[in-house]
Amino acid sequence: MKEKILAHRGVSLTAPENTMSAFAAAVEQGLAGIELDVQMSKDGHLIVIHDERVDRTTNGKGLVKDMTLEEIKNLDAGSWFAEKYSGVKIPVLEEVLELIGQREFIINIELKSGIIQYPGLEERVLKAVKKCGLLDRTILSSFNHYSLLKIKEISEDARIGVLYYAGLVDPWEYGRNLKAYSLHPFFPSVTEQMVKECLEQGLQVIPFTVKDKETAKKLIDFGVEYVIMDWGRVN
Ligand code: G3P
Ligand code: MG
């Protein structure tokens with residue numbers, strides 16, 4: 001199963017989410033890859049964090065967009081999770097790309113452009129990924145599909161993944177229209193027939209966020225490419 005799992009925010013059940021500890025654990029455990037979230041700092045750095053605010057996952061307060069990289073790097077992103085992670089920092093995207101290096105490893109970068117519009121986010125993410133030569137192992141996803149359009153406008157060869165919650169009718173039509181590589185549906189809406197139709201139309205399916213192995217196995221049997229899963233307990 002491990003070769004089909006993208007660890008959601010890294011191995012986020014046993015390490016603080018979206019930190020180098022969580023990403024390194026995914027590499028060590030031989031998973032297929034990771035999913036991570038990117039927001040942007042006041043001074044234009046690509047900050048790997050799920051929320052628009054730092055409050056939930058650090059000892060600080062405020063919006064990522066109002067803070068400089070230096071301010072963000074001064075935060076403790078580990079103590080809230082467990083004392084042994086105290087002092088762990090929020091990474092920038094480039095640090096994660098460097099960790100992956102030349103490994104056979106998939107990185108799914110979710111652009112968090114759904115609530116705050118970060119000017120230049122798409123360009124900056126693409127630039128960072130290309131600089132490391134990782135474009136062919138990267139899937140760029142977002143709930144903001146205008147971000148995905150922008151990515152394709154800038155770089156036709158980038159692989160985009162369409163994130164959505166709704167039980168869409170004929171989602172493969174929508175995905176093809178966007179020239180997507182993959183659909184990333186909320187997992188309960190995924191059926192075997194839907195996966196079959198997608199694959200026939202040349203679209204991969206990568207559901208989120210699965211919590212248990214039984215559901216993951218069912219989806220893998222349907223033919224999904226990867227499962228975005230909360231990983232790290234005893235699996
Ligand atoms: O990319 C899948 C999943 O991460 C989307 O939801 O809120 O966990 O980023 P969220
Ligand atoms: Mg995410």
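Helices (H or I, at least four residues) and strands (E, at least two) are DSSP runs, numbered from the N terminus. In this predicted model, local features need pLDDT of at least 70 and side-chain atom pairs count only at pLDDT 80 or more, while totals for chains, interfaces and linings use all residues. Residues are numbered from 1 along each chain as its sequence is written, chains are lettered from A and ligands numbered from 1 in the order in which they are written, and side-chain values use heavy atoms, with hydrogens and water left out.

**Pairing** (at least two DSSP bridges between two strands)
- β5 (residues 138-142) pairs with β6 in the parallel sense over three bridges, and Ser141 stands opposite Gly161.
- β7 (residues 182-185) pairs with β6 in the parallel sense over four bridges, and Pro185 is the bridge partner of Tyr164.

**Crossovers** (right-handed if, with the strands pointing away from the viewer, the path from the first strand over the helix to the second runs clockwise)
- β5, α5 (residues 145-154) and β6 form a right-handed β-α-β unit.
- β6, α6 and β7 form another right-handed β-α-β unit.

**Tyr165**
- Tyr165 lies in the loop between β6 (160-164) and α6 (171-177).
- Tyr165 counts as exposed (over 50%) because its relative accessibility is 52%.

Key. Buried < 20%, exposed > 50% of the residue type's maximum accessible area, 1.4 Å probe, protein only.
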